Amino acid sequence: VLASFTAAMDAFFGLSPEAKAAYRCPPSVNRGYTPPLTERLANSLGLATAADLFEAMNVGVAAADFPGLDLPAEAYPDNVFPSELPGFELAVMAWFGEAGRVARTMTRIFGDALGLGTDYFSRVTDHSIDLLRMNNYRLPSADVQLLPDQVGMGAHTDYGIVTVLWADQVPGLEILGSDGAWHPVQPAPGALLV
């Protein structure tokens, strides 16, 4: 599943900027393509920064995934998939399903570890707004002029109960420790970061 997923991501991010731009959604819709230099994630923490260099493709659960529930379309929008990559949707959604399975397992572990019972969080996760964000940190071009302190993806806090992250072995990912310092994270081969 991981090999197919990473191949699909590589294929998508290898498309021309014009082809990827066809899958850009309005800012109010958290689906589709986000080009480089369009987000400043550290702004969510009140930090004024240069635009982030990463590009992303987002997919997630849709209202149609929960028949019988009257869910707002703006919180559960439809996904956008590249038509020129026929295996993309299948590979990405297979990974999305597996990552979701890990996240649901972790919430059961959290409830048990807190002494609240394994099903404690199910009342707030039975139709959670799950999202898969595929990030590419390659520079937009070889001759890009970097601004002072410009980064691939700025400091931010993920939303929700749990984040399941697959990362390759390329250095750059850091987490903020309780000591107030940033620490590099080098995931073990085949491991997920939770």
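Where does Asp158 lie? Asp158 is found in the loop between E3 and strand E4 (174-176), where helices (H or I, at least four residues) and strands (E, at least two) are DSSP runs, numbered from the N terminus. The model is a predicted one, in which local features need pLDDT of at least 70 and side-chain atom pairs count only at pLDDT 80 or more, while totals for chains, interfaces and linings use all residues. Residues are numbered from 1 along each chain as its sequence is written, and side-chain values use heavy atoms, with hydrogens and water left out. With a relative accessibility of 41%, Asp158 counts as partly exposed; buried means under 20% relative accessible area, exposed over 50%, and partly exposed in between (1.4 Å probe, protein chains only). Between Asp158 and Ala91 there are 67 residues in sequence and 24 Å in space, C-alpha to C-alpha.

We can turn next to the strands. Strand E1 (residues 32-34) pairs with E2 in the antiparallel sense over three bridges, two strands being paired if DSSP finds at least two bridges between them. Thr34 has Ala56 of E2 as its bridge partner. E2 is also joined to strand E3 (residues 131-136), by six bridges, and these two run antiparallel. Here Val59 stands opposite Leu132 of E3, and Asn58 has Arg133 of E3 as its bridge partner. Six of the six residues of E2 are buried, so E2 is largely enclosed by the rest of the structure. From E2, Glu55, Met57 and Val59 point one way, and Ala56, Asn58 and Gly60 point the other way. E3, for its part, has a covered face made of Leu132, Met134 and Asn136, and an uncovered one made of Leu131, Arg133 and Asn135.

The aromatic rings come next. The structure holds seven aromatic pairs; rings of Phe, Tyr and Trp (its six-membered ring) pair if their centres lie within 6.5 Å, and planes under 30 degrees apart count as stacked, over 60 as edge-to-face and the rest as tilted. Phe66 and Tyr76 form an edge-to-face pair, at 5.9 Å centre to centre and with 75° between the planes. Phe66 and Tyr76 both lie in the loop between strand E2 (55-60) and helix H3 (88-113), so the pair ties together parts that are 10 residues apart in sequence. Both Phe66 and Tyr76 are buried. In Tyr120 and Phe121, the ring centres are 5.0 Å apart and the planes stand at 85°, so this pair is edge-to-face. Ring pairs also link Phe12, Phe13, Tyr33, Phe81 and Phe88 into a cluster.

Arg123 lies over the face of Tyr120, at 4.9 Å from the ring centre; a charge sits over a ring if NZ of Lys or CZ of Arg is within 6 Å of the ring centre and within 35 degrees of the ring normal. Leu116 lies in the loop between H3 and helix H4 (122-125), and at 43% relative accessibility Leu116 counts as partly exposed.
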